[in-house]
Amino acid sequence: MILDRLRRPLHDLRISVTDRCNFRCTYCMPKEVFGKDFEFLPPRLLLSFEEMTRLARIFLSLGVEKLRITGGEPLVRREVEKLIGMLASLPGLEDLTLTTNGALLGRKAQELKDAGLKRITVSLDALDDEVFRAMNDVDFPVARVLEGIDVAKAVGLAPIKVNMVVQRSVNDHCVLDMARYFHGSGVILRFIEYMDVGTTNGWRMDDVVPAGEIVQMIDLEMPLEPIEANYQGEVARRYRYKDGGGEIGLITSVTQPFCATCTRARLSSEGKLYTCLFAADGFDLRALLRSGKSDEEIAAVLRRVWAARTDRYSELRTADTTSLPKVEMSHIGG
Ligand code: SAM
């Protein structure tokens, strides 16, 4: 186990497999920035599945137990199920999951399951078709995402989590509908406070709907009680319905930051290692991989980078910090 300067162990690695996405969510990849002229990474600059797997193996040897595949949209990377298959058999891996917008999930769920994926997280910001189409900004219908979730369930991916980013006056009126829809379904619905990741979404504190408000709103109609975290450092605060209708989670990175227990490292699709979602730059691991360094040499670098880590952006956030340079969420994944 390796510890950073704030004595936090390295436990999770999120691997972004592409910087491209088939959605243009207004709060993540606004069209004005990520339009037709935007230059995404050319394939030669992306890590290959072999390179990702090699790095994952080294991370596992340093104490990582959990891998999450993300993007961009991970299901737009060709044959991503091959990567799942390569990672699933790595020694020391306790948990392998993937975060998707669900657009291609209906088509891909069986292949992912067959390759060794156990569970999945689907992002879905509204059930109201008009609101959803406006938020994804590519006119994608909500019914197709719900179909994808149903197929994922049918092929046995479990548990399924659904993440909803809540933005004031955009989709906060959709919270109760979502809660009602997934109540009793076995799906774990999680509400994410809208964050000031990147620099393109024009984030303002006023746009954040505090998790406490969301809990109150749901509790009034479907009474809730808090439950213990599954493990130390779990991102979501958990609540369960008192009537046995399952649980929900709240990801409170703005109103109740959890930097003190953050054990996550993030690898961008071009092989840069970020030690914080709000970092400006990452450490270039691709250069190490492609310059013939041994696993031991790379492990030594990872130890050094983690040992020097002091990041705790969310604890330090003020109106002034939001304009600092930060990597885009679509570049390193959620
Ligand atoms: N395309 C995949 C997806 O939609 O899940 C994976 C990448 S996406 C960047 C990961 C998650 O980050 C999604 O749930 C998305 O809603 C969330 N996200 C993006 N920008 C965000 C922001 N500013 N605040 C909070 N969550 C955000």
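## Ligand site

The ligand is surrounded by 19 residues, and Y27, G72, T99, S123 and M195 are the closest. A residue counts as near a molecule if one of its heavy atoms lies within 4 Å of it. The structure is a predicted model: local features need pLDDT of at least 70, side-chain atom pairs count only at pLDDT 80 or more, and totals for chains, interfaces and linings use all residues. Residues are numbered from 1 along each chain as its sequence is written, and side-chain values use heavy atoms, with hydrogens and water left out.

By class, the shell around the ligand holds eight nonpolar, nine polar and two charged residues. Here Ala, Val, Leu, Ile, Met, Phe, Trp, Tyr, Cys and Pro are nonpolar, Asp, Glu, Lys and Arg are charged, and the others, Gly among them, are polar. Strands β3 (95–100) and β6 (188–193) each give the shell at least two residues. Strands (E, at least two residues) and helices (H or I, at least four) are DSSP runs, numbered from the N terminus.

## Polar contacts and burial

The side chain of Y27 places an N or O atom 2.7 Å from an oxygen atom of the ligand. A ligand nitrogen lies 2.9 Å from a backbone N or O atom of M195. A side-chain N or O atom of N201 is 3.4 Å from a nitrogen atom of the ligand. Alone, the ligand exposes 540 Å², and the protein buries 94% of that. These areas come from the Shrake-Rupley method with a 1.4 Å probe.

## Helix packing

Helix α1 (residues 49–61) packs against helix α9 (residues 295–307) at an angle of about 65°, and their axes are 10 Å apart. Axes are lines fitted to C-alpha atoms over the stretch in contact, and angles run from 0 to 180 degrees between N-to-C directions. R54, L55, I58 and F59 of α1 meet D295, I298, A299 and L302 of α9. Contact means heavy atoms within 4.5 Å. The contact of α1 with α9 has six nonpolar, no polar and two charged residues.

## Backbone features

The peptide bond between A158 and P159 is cis, with omega about -5°. P159 sits in the loop between α5 (142–154) and β5 (160–166).

E79 is not a glycine, yet has a positive phi of about 55°. The loop between β2 (66–70) and α2 (80–88) contains E79.

Note on methods:
Polar contact = N/O pair within 3.5 Å; in protein donor to acceptor, adjacent residues only side chain to side chain.
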